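I set out to record what I looked up in this structure, entry by entry. The entries follow the order in which I consulted the model.

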Amino acid sequence: MSTTTATAAATPPAGKKRIVMTDRSRAENRLGQRLVLPAVIVMLVVTAWPMFQALYLSLFRYRLTSPDDKEFVGLSNYGTVLTDPLFWQDTVNTVIIMVVTVGVELVIGFVFALVMHRIVFARGAIRTSILIPYGIITVVSAYAWQFAFSINNGWVNSWFDFLPWISSETNWFGSHWPAMFAIMVSEIWKTTPFMSLLLLAGLSQVSEDMIEAAEVDGATWWQRLWKVIIPNMRAAIMVAVLFRALDAFRIFDNIYVMTRGAADTESSSFLTYRQVIQQFQLGLGSALSVLLFISVLLLAALIVKLFKVDLAQARGEA
Amino acid sequence: MAAKNQTRNKIGTWVGFIFILVWCLLPVVWIMSLSLKGPGETAAGSAQFLPKSPTLQNYRDILGIGTVTPGQENTHADFLDALRNSFGIAAIATFLAVIFATLAAYAIARLDFKGKRLVLSLALAIAMFPVVALVGPLFDLWRTLGLFNTWPGLIIPYMSFTLPLAIWTLSAFFREIPWEMEQAAQVDGATSWQAFRKVIVPLAAPGVFTAAILTFFFAWNEFVLAISLTSTTASRTVPAQLSFFVGPDPFNPPYGLLAAASVVVTVPIIIIVLLFQRKIVAGLTSGAVKG
């Protein structure tokens, strides 16, 4: 590797179309492709092939418990799924969780980022504590919050019983909205730090001169925030929202641990898992997988369009 | 006026600082406190945050040290198996993913080749992929290939899903390295191997190391594949094993035991974070991808 490193040192600017390919650039092209090949193969083996397999299986009635009963049924699995109220309820749950958690995280994460940006003391301590929720296992976070909300052993009921709708008898996992609330708290706790670090990176790229100029011109703090800081962080905000939204959309661990889908708290991912792994409905489950995949693609396209930022460009700069 | 503003800013920063610390650490302190509560206390129910009479019995049960509570004789064996699996699988997946990612990121950062954008787009698409959507076909395929409930059965998908993160982090990092220094060393009489080992490796190592930490975190945390592609403690990892500890009555789980296990698996994370917080933050924000 060392010799190739030396010869390939004079890299021409990327993205420039060259009409004539010299021997050297041809060699560089070949070397580049060879170096990325193993990574590309590993990424495709586990994603592309199973995705095609899912597309194919979704057209069959296929249950692992009776494999001989496999029968081509066309698009009828999709029909079954799309006309099932459970599918729609789970989709609505997933969207609610995504919108609420990302919205709350954006606000709290921004506050965290502002504090971290401005703080002059204990930077190491704050970085360390903010990375603990990020690094902790999601299952552990889910247990911590499940036990905190527990009716027998939790502290939420006793600490917050001054609120009119909370008493020592409040059963958080007995009905839909309280259970959804507990799940979202766990999700928000675990992932806000990640959001705040991305926002902090964006915040530190906003030029101080520009903020100062606005201050000299008499802009209030609030005006500086909305007219100068946030518009200049658009790319960072978009990257944060995009990644967190797609991550929240596949929420699974918290729900599995905290409710197992009881009290109508299933998400789309949980429904897919239940069909495939617990009920061995590979045909129906594959149709769900394909729909999940399509939703993620649509969601990503929607967010990118909404922010009008070229993703590759934004990330290249970051 | 300006002085008044500054005091207000200072107070605001302090309030924010305390808010962040409480937010991040309260649940961790809570799970530690719970892990010190004996089975009697949690079975009777206690709304108190701190334990009434702290005991290490849960740790004895989960690690199999000293006298174990009757009925929990097998718990520690399963847990220790899961710990071994988690460490082994995460370490191997991290090692392999980082090697592949280093090669790819080097090419992306330094070489001009056709399909570079395609590779980056593929990595991005996979980082956003809904993992559950693959579980069905992968389950079927792994059973056919004999990979179901084995270490490689988890290592391979973990590599695929951590490669995007590792490639983005490393290529961002490699772009910043002053590669001319290698030639400068050669001009000064170093052989190309010496130049690579003494100049490039020390410059690239922090980035590679950061990518390794982030990859390890992903593999250590992963749950969907861990419960879908394993069936026994031969390959079940910690997150999956924790979800099996609930016991017969889901309304009265062994709180203290689960809390003790949670603390044990959180300790490595806290140590890594304490030692390498600066690197992790740099890696997360340069790559800007979560696994």
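Entry 1, a helix. I took the expected span of a helix as 1.5 Å times one less than its number of residues. I then looked up helix α5 of chain A, residues 123-135, which has 13 residues. Its first and last C-alpha atoms lie 18 Å apart, close to the 18 Å expected. I also noted the buried residues of α5(A), among them A:Ile126, A:Ile130, A:Leu131 and A:Tyr134.

The model is predicted, and I read its scores as ipTM 0.87 and pTM 0.86. For chain B I found an average pLDDT of 84, with 93% of the residues at 70 or above.

I found 91 residues of chain B in contact with 93 residues of chain A. On the chain B side, helix α12 (residues 255-287) gives the largest share, 16 residues.

I noted that chain A is divided into domain 1 (21-53) and domain 2 (86-266 + 297-317). Their centres, taken over C-alpha atoms, are 36 Å apart. I next examined the largest nonpolar core, which has 168 residues; A:Leu199 and B:Ala101 are among those that touch the most other members. Helix α8 of chain A (residues 176-203) supplies the largest share of this core, 16 residues. Both domains of chain A give residues to the core, so it lies between them.

Leaving aside residues up to four places away in sequence, I listed the contacts of A:Leu199 as A:Gly109, A:Phe110, A:Ala113, A:Ala236, A:Ile237 and A:Ala240.

Terms used: Residues numbered from 1 in each chain as written. Chains lettered and ligands numbered in written order. Predicted model: local features only at pLDDT ≥ 70, side-chain atom pairs only at ≥ 80, totals over all residues. Helix = DSSP H or I, 4+ residues; strand = E, 2+ residues; numbered from the N terminus. Buried ≥ 20, exposed ≤ 12 C-beta atoms within 10 Å, placed from the backbone. pLDDT = per-residue confidence, 0-100. Contact = placed C-beta atoms within 7 Å. Domains from an automatic or database assignment. Core = buried A, V, L, I, M, F, W, Y, C linked by C-beta atoms within 7 Å.
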